[in-house]
Amino acid sequence: MTWHRLTAAAGVLLVTAASLSACGSGAGTADLPDTTNALEKQAKSEGVVNWASWNPEAQMQPAIDLFEKKYPGIKVKYSNIKAPDQVSQLKMEQAARKVSIDVANAGGLTVTPAVKLASDVDWSKYGVGAKDVFAKNFVYVWATPKVWAYNTDKVKSADVPRSWDDVLDAKWSGGKVSAESRASFMTVWDLNDAMGEAKGLAWAKRFAPLKPHYSPNLTQAEAPIESGQVSIGTSLINLVLAAKAKGAPVEIAPVSPTSANESYLYVPKGAPHPAAAALLTSFLSSDAAQSVLAKTYNSRIPADTDCSDPGGNAVVQALCAAHVKWYGAKSLKDYDRLTAFFPKVEKALGTDVG
């Protein structure tokens with residue numbers, strides 16, 4: 001045990017790491033039992049789990065309902081919070097030793113900063129397979145690949161872009177194409193060695209003169225495509241598939257390759273209900289939960305292109321049908337590189353204002 005000596009006017013105060021953990025300081029290892037049965041018992045005594053994610057609650061509700069049915073007495077309180085905002089909130093709450101989030105969501109540029117925010121959890125104790133654990137404390141739960149999409153009422157079949165270079169055609173100039181200003185739609189350029197940063201920056205400099213309609217994030221980039229405000233644009237595959245299911249005139253463009261865009265869940269240091277958090281996270285990694293998540297296009301997919309057996313996974317089916325290859329992040333180094341890559345791309349796109 002490491003002891004920290006604090007001197008005060010009234011004398012000497014000894015503070016242990018354990019006592020700091022008890023007041024929610026964010027000690028590294030969550031106080032969790034060794035078995036799933038014991039975890040469930042502790043989780044039920046906690047009675048609630050606060051889950052923060054950027055997905056609309058409606059997409060997560062079927063999995064939440066399944067969890068609450070399996071574990072009666074544990075209530076899931078879901079908050080729709082953007083990933084960067086989660087990081088900012090947790091940093092402040094951990095500094096104040098008053099954390100409110102039990103299960104947080106990390107992906108893209110928020111993976112690297114989330115490493116310092118996550119508790120140490122031995123996920124193998126709770127049935128999470130090694131292949132689904134990333135960087136020790138993150139659990140890979142779903143992927144929402146970034147894709148190019150087009151409005152089928154605005155774009156003729158012969159004009160659908162089929163490569164990244166096709167997107168640079170002058171016919172898309174003047175606000176006919178939408179893109180995310182933060183440039184995360186270009187992730188694959190840094191992940192795929194055959195493409196690379198230099199080529200990605202060169203592409204971005206050629207894309208900027210088209211005067212795209214820029215949106216602050218990929219979720220908002222989807223709306224102009226559905227409405228016909230733009231003809232083509234960047235999006236997330238789950239948004240495109242959900243829109244199609246509702247009858248919107250949108251389709252995936254066969255622009256390839258793209259990034260898998262993995263999402264991870266983790267238990268923040270100082271989480272008020274750590275057992276319930278670990279139980280929910282491990283549950284969402286289970287086959288039963290994955291089957292439910294797949295219905296809203298939010299389940300896991302293979303790390304890299306694999307069309308050998310799409311099964312009932314609509315996301316994989318759609319990627320393979322469109323002949324879109326995808327690549328995933330393999331290590332924290334990949335995310336560290338992206339942290340340096342995106343600001344350069346934003347500058348090339350001219351979206352780095354502020």
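**View 1. Surroundings of asparagine 151 in the predicted model.** Leaving out residues up to four places away in sequence, asparagine 151 touches Ile225, Glu226, Ser227, Gly228, Val230, Ser231 and Pro249. The structure shown here and in the other views is a predicted model. Asparagine 151 is found in strand β8, and it counts as buried because its relative accessibility is 2%, where buried means under 20%. Among its contacts, Ile225, Glu226 and Ser227 fall within helix α8, which spans residues 218–227 and packs on the sheet.

View 2. The five strands follow the order β10-β9-β11-β8-β12, and their pairing is mixed. Strands β10 (213–215) and β12 (250–252) stand at the edges, and each has a single partner strand, so one side of each is left without a neighbour in the sheet. From one strand to the next, the twist averages 35°. Helix α8 touches β8, β9 (177–180), β10, β11 and β12, and its direction makes about 135° with that of β11.

**View 3. Strand β11 and its two partners.** Strands of a sheet pair through backbone hydrogen bonds, in either a parallel or an antiparallel manner, and both arrangements are found here around β11. With β8 (residues 146–151), strand β11 (residues 232–236) runs antiparallel, and five bridges join the two. Within this pairing, valine 147 has serine 235 as its bridge partner in β11, while tryptophan 148 stands opposite threonine 234. With β9, by contrast, β11 runs parallel, and two bridges join these strands; here the bridge partner of valine 177 in β11 is isoleucine 232.

**View 4. Side-chain directions and burial along β11.** In a regular strand the side chains alternate between the two faces of the sheet. Along β11, Ile232, Thr234 and Leu236 point one way, whereas Gly233 and Ser235 point the other way, and all are buried. Since five of the five residues of β11 are buried, this strand is largely enclosed by the rest of the structure.

**View 5. Packing of helix α3 against helix α10.** Helix α3 (residues 57–70) and helix α10 (residues 274–284) pack at an angle of about 120°, and their axes are 11 Å apart. That angle makes α3 oblique to α10, and the crossing of the two helices is right-handed. The residues that meet are Ala63, Leu66, Phe67 and Lys70 from α3 and Leu279, Leu280, Phe283 and Leu284 from α10. Sorted by class, this contact has seven nonpolar residues, no polar residues and one charged residue.

**View 6. Serine 299 in a loop between two helices.** Serine 299 lies in the loop that runs between α11 (287–294) and α12 (314–321), and at 4% relative accessibility it counts as buried. Neighbours within four places in sequence aside, serine 299 is in contact with Val141, Trp142, Ala143, Gln290, Leu293, Ala294 and Asn313. Serine 299 and glycine 233 are 66 residues apart in sequence, and their C-alpha atoms are 23 Å apart in space; glycine 233, like serine 235, belongs to β11 and is buried.

Key:
Residues are numbered from 1 along each chain as its sequence is written. This is a predicted model: local features need pLDDT of at least 70, side-chain atom pairs count only at pLDDT 80 or more; totals for chains, interfaces and linings use all residues. Side-chain values use heavy atoms; hydrogens and water are left out. Two strands pair if DSSP finds at least two bridges between them. Helices (H or I, at least four residues) and strands (E, at least two) are DSSP runs, numbered from the N terminus. Axes are lines fitted to C-alpha atoms, for helices over the stretch in contact, and angles run from 0 to 180 degrees between N-to-C directions. Contact means heavy atoms within 4.5 Å. Buried means under 20% relative accessible area, exposed over 50%, partly exposed in between (1.4 Å probe, protein chains only). Angles under 35 degrees count as roughly parallel, over 145 as roughly antiparallel, 65 to 115 as roughly perpendicular and the rest as oblique. A crossing is left-handed if the near helix is turned anticlockwise from the far one by less than a right angle, and right-handed if clockwise. Ala, Val, Leu, Ile, Met, Phe, Trp, Tyr, Cys and Pro count as nonpolar, Asp, Glu, Lys and Arg as charged, and the others, Gly among them, as polar.
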